[in-house]
Amino acid sequence: MDEFEEKLISILSSPEAMGQIMSLASSVAGKPEGEGNSPIEETEAPQEGGSSSA
């Protein structure tokens, strides 16, 4: 388990590795790079519509 933990920490602390992961995730999701990278944008829209219950 220590070997896995060390590799995970090295990946998470490397900007290059994180860039590769983000690029891969974007390609799998079918989104162009730079689009949809912020989960905040996706969660804000439903909050605006559902905040008024009067």
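This is a predicted model: local features need pLDDT of at least 70, side-chain atom pairs count only at pLDDT 80 or more; totals for chains, interfaces and linings use all residues.

Me: Why is Asp 2 called exposed?

Reply: The cut-off for exposed is over 50% relative accessible area. Asp 2 comes out at 56% relative accessibility, so it counts as exposed.

Me: And what makes the negative patch on the surface?

Reply: Asp 2, Glu 3, Glu 5 and Glu 6 gather there. Asp and Glu count as negative, and like charges are joined into a patch within 9 Å, provided the residues have over 30% relative accessible area and no salt bridge.

Me: Which residues make the nonpolar patch?

Reply: Met 1, Phe 4, Leu 8, Ile 11, Leu 12 and Ile 21, covering about 630 Å² of surface. Helix 1 gives the most to this patch, with four residues.

Me: Ile 11 is in that list; is Ile 11 buried, exposed or in between?

Reply: Ile 11 belongs to helix 1, and its relative accessible area is 35%. Buried means under 20% and exposed means over 50%, so at 35% Ile 11 lands in between and is called partly exposed.

Me: How do you know that helix 2 has the span expected of it?

Reply: Helix 2 runs over residues 15-29, which is 15 residues. The expected span is 1.5 Å times one less than the number of residues, giving 21 Å, and helix 2 reaches 21 Å from its first C-alpha to its last. Gly 30 follows helix 2, with a positive phi near 80 degrees.

Me: What makes the order of elements α-α-α?

Reply: The protein chain has three helices and zero strands, and read from the N terminus on, that gives α-α-α.

Me: How much of the chain counts as buried?

Reply: Of its 54 residues, 6% do. The accessible surface of the chain comes to about 4800 Å², with 58% belonging to carbon and sulfur atoms.

Notes:
Residues are numbered from 1 along each chain as its sequence is written. Side-chain values use heavy atoms; hydrogens and water are left out. Patches are made of residues with over 30% relative accessible area and no salt bridge: like charges are joined within 9 Å, nonpolar side chains (Val, Leu, Ile, Met, Phe, Trp, Tyr) within 5 Å. Accessible areas come from the Shrake-Rupley method with a 1.4 Å probe; for residues, only the protein chains shown count as cover. A salt bridge is a side-chain nitrogen of Lys or Arg within 4 Å of a carboxyl oxygen of Asp or Glu. The place of a charge is taken as NZ of Lys, CZ of Arg, CG of Asp or CD of Glu. Buried means under 20% relative accessible area, exposed over 50%, partly exposed in between (1.4 Å probe, protein chains only). Helices (H or I, at least four residues) and strands (E, at least two) are DSSP runs, numbered from the N terminus.
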